[in-house]
Amino acid sequence: MDIVWAVISIALVSTGLSVIIIVADYFLNNYGDCTIDINNGSKTIVAKGGSSLLSTLASHQIFIPSACGGKATCGLCKLVVQDASGPLLPTELPYLTAQEIQAGMRLSCQIKVKKDLRILIPEELFSVREFTSTVELLEPLTHDIKLLRLKLEEPGEISFRAGQYVQLHSKPYGKIRESVFRAYSIASSPSDTQYIDLIVRLVPEGICTTYVHTALKVGDPVRINGPFGDFYLRGNKHELIMIAGGSGLAPMRSIILDVLERQLDHPIRFFFGAVTRKDLYYVEYFTELSKQHPQLTFIPALSAPGPDDQWTGEVGLITEVVARHVPDANDREAYLCGSPGMINACLKVLKDKGFSDDRILYDKF
Ligand SMILES: Cc1cc2nc3c(=O)[nH]c(=O)nc-3n(C[C@H](O)[C@H](O)[C@H](O)COP(=O)(O)OP(=O)(O)OC[C@H]3O[C@@H](n4cnc5c(N)ncnc54)[C@H](O)[C@@H]3O)c2cc1C
């Protein structure tokens, strides 16, 4: 009998505590409706408080770039919050420079909407849309890279600058219970408005890339939003030195197709580096393109070709190959895309050749 009473008492106490917590949460975290003023009155939204600024804006169809889904590990969702909205968090500090902090910049994923806010965001983010799409093509390009073609459904067309990226939304699959957003550069031409190509490299244990490589099937629906990013062609007549590794080829393909289709008179030298032949792809594609368009020179290079590779092309680290082919920075600008290691090494070579910061654009991933 004593045991029964003890069990009943414990159950009553825990139920009572749960009710207190729920009621306290309701009153303490009930921030009511908050008004968010965007760009000094150019847009205003009224939202229920309590969520992060990033997700509150997204629920009002304003998409701030974020590659990590709000975990403060990518640093992309920066924006200016004009009102003091709590102190800077340690999670924000690694991603903000002293000038950005001075200007009131914050990571929108780390700010909870608790009161009225005034924020500044780049105007072009207003044109970012959410799209529903269907997988039209999903095929291997190498042992760990796949081409994913998405046919846009609603809206049915996208407008973007060659070099920009979209965020792809993965659904729960297998043991993964969460949905995430990750950034992928558009690999198709801006003239193809009804579909986009993405080039996705499988990251071991990576949530979104495992989703794309193992769970996604032709015909599946996929949600994306975009376009985002300032990695796109600048408007002058310089020779383009384009350097890519791995899935970094994606934005380069879009930029090169755009330059050729619009008949812009940039000479282009496209360096594509890999370790062995099995890591290279689109070699025939770009070789053919360069035969049709003499302004394009395609230079694939292997750093460690195996005996079976029968490689007759350039050999060496991509930095060595670039150093051999590019004499100096005169009338040239460089576009780089690949791993942080590759980009950092290439930056050094380009700086040694005299490229100033404003002549180099890069996307690291
Ligand atoms: C602007 C931009 C453009 C990009 N374009 C492309 C592109 O065109 N193609 C492309 O392939 N990629 C691109 N990326 C990279 C892409 O956005 C993803 O970061 C990448 O695909 C990995 O995503 P994921 O969800 O598979 O990996 P994640 O789940 O984010 O994991 C990444 C790594 O972190 C490790 N990890 C994750 N969680 C933990 C944990 N809790 N503890 C320890 N380790 C952990 C994983 O093991 C893995 O190695 C781009 C990135 C940016 C910023």
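In this predicted model, the largest nonpolar core has 36 residues, and among them I199, M242, I256, F270 and Y335 touch the most other members. A nonpolar core here is a set of buried Ala, Val, Leu, Ile, Met, Phe, Trp, Tyr and Cys residues joined through side-chain atoms within 4.5 Å, where buried means under 20% relative accessible area, exposed means over 50%, and partly exposed is in between, with a 1.4 Å probe and protein chains only. The elements that give two or more residues to this core are β7 (145-154), β12 (239-245), α5 (249-261), β13 (268-274), α6 (283-292), β14 (296-302) and β16 (332-338), and α5 gives the most, with 8 residues. Helices (H or I, at least four residues) and strands (E, at least two) are DSSP runs numbered from the N terminus. Because domain 2 (129-228) and domain 3 (239-364) both give residues to this core, the core lies between them.

A second, separate core has 25 residues, including I62, C109, I111 and L117. In soluble globular proteins, nonpolar side chains tend to be buried together.

Some conventions apply throughout: residues are numbered from 1 along each chain as its sequence is written, and side-chain values use heavy atoms, with hydrogens and water left out. Since the model is predicted, local features need pLDDT of at least 70 and side-chain atom pairs count only at pLDDT 80 or more, whereas totals for chains, interfaces and linings use all residues.

Turning to the chain as a whole, the protein chain has 8 helices and 17 strands, and its C-alpha atoms fill a box of roughly 85 × 50 × 40 Å along the principal axes. Buried residues make up 46% of the 365 residues in the chain, and of the contacts with a separation of 6 or more, 68% are between residues 24 or more positions apart. The domain assignment gives domain 1 (33-125), domain 2 (129-228) and domain 3 (239-364), with bounds that come from an automatic or database domain assignment. The C-alpha centres of domain 1 and domain 2 lie 25 Å apart, and the contact between these domains takes 11 residues from domain 1 and 9 residues from domain 2.

Domains 1 and 2 also each give at least three residues to the lining of the second largest pocket, which has a volume of about 300 Å³. On a 1 Å grid over the protein atoms alone, a pocket is an open set of points where a 1.4 Å probe fits, with protein on both sides within 12 Å along at least five of seven lines, and lining residues have an atom within 4 Å of a point. The lining holds 20 residues, of which L54, S55, A58, G69 and F181 lie nearest the pocket's centre. The elements that give two or more residues to this lining are α2 (53-59), β9 (180-185) and β11 (221-228), with the largest share, 3 residues, coming from α2.

Within domain 2 (129-228), helix α4 (residues 207-215) has I207, C208, T209, Y211, V212 and H213 buried. The elements that cover these buried residues include β6 (129-140), β7, β8, β9 and β10 (195-201).

Several backbone details complete the picture. A cis peptide bond joins E154 and P155, with omega about -5°, and P155 is in the loop between β7 and β8 (165-170). Another cis peptide bond joins G226 and P227, with omega about 0°, and P227 lies in strand β11. Most residues other than glycine have a negative phi, and most peptide bonds are trans. N39, in the loop between β1 (33-38) and β2 (43-48), has a positive phi near 55° and is buried at a relative accessible area of 11%. Q61, in the loop between α2 and β3 (78-81), has a positive phi of about 65° but is partly exposed at 44% relative accessibility.

Finally, N236 lies in the loop between β11 and β12 and is partly exposed, with a relative accessible area of 28%. Not counting residues up to four places away in sequence, N236 touches H266 and E333.

Key. Points joined across faces, edges and corners; volume = space filled by probe spheres on them. Contact = heavy atoms within 4.5 Å.
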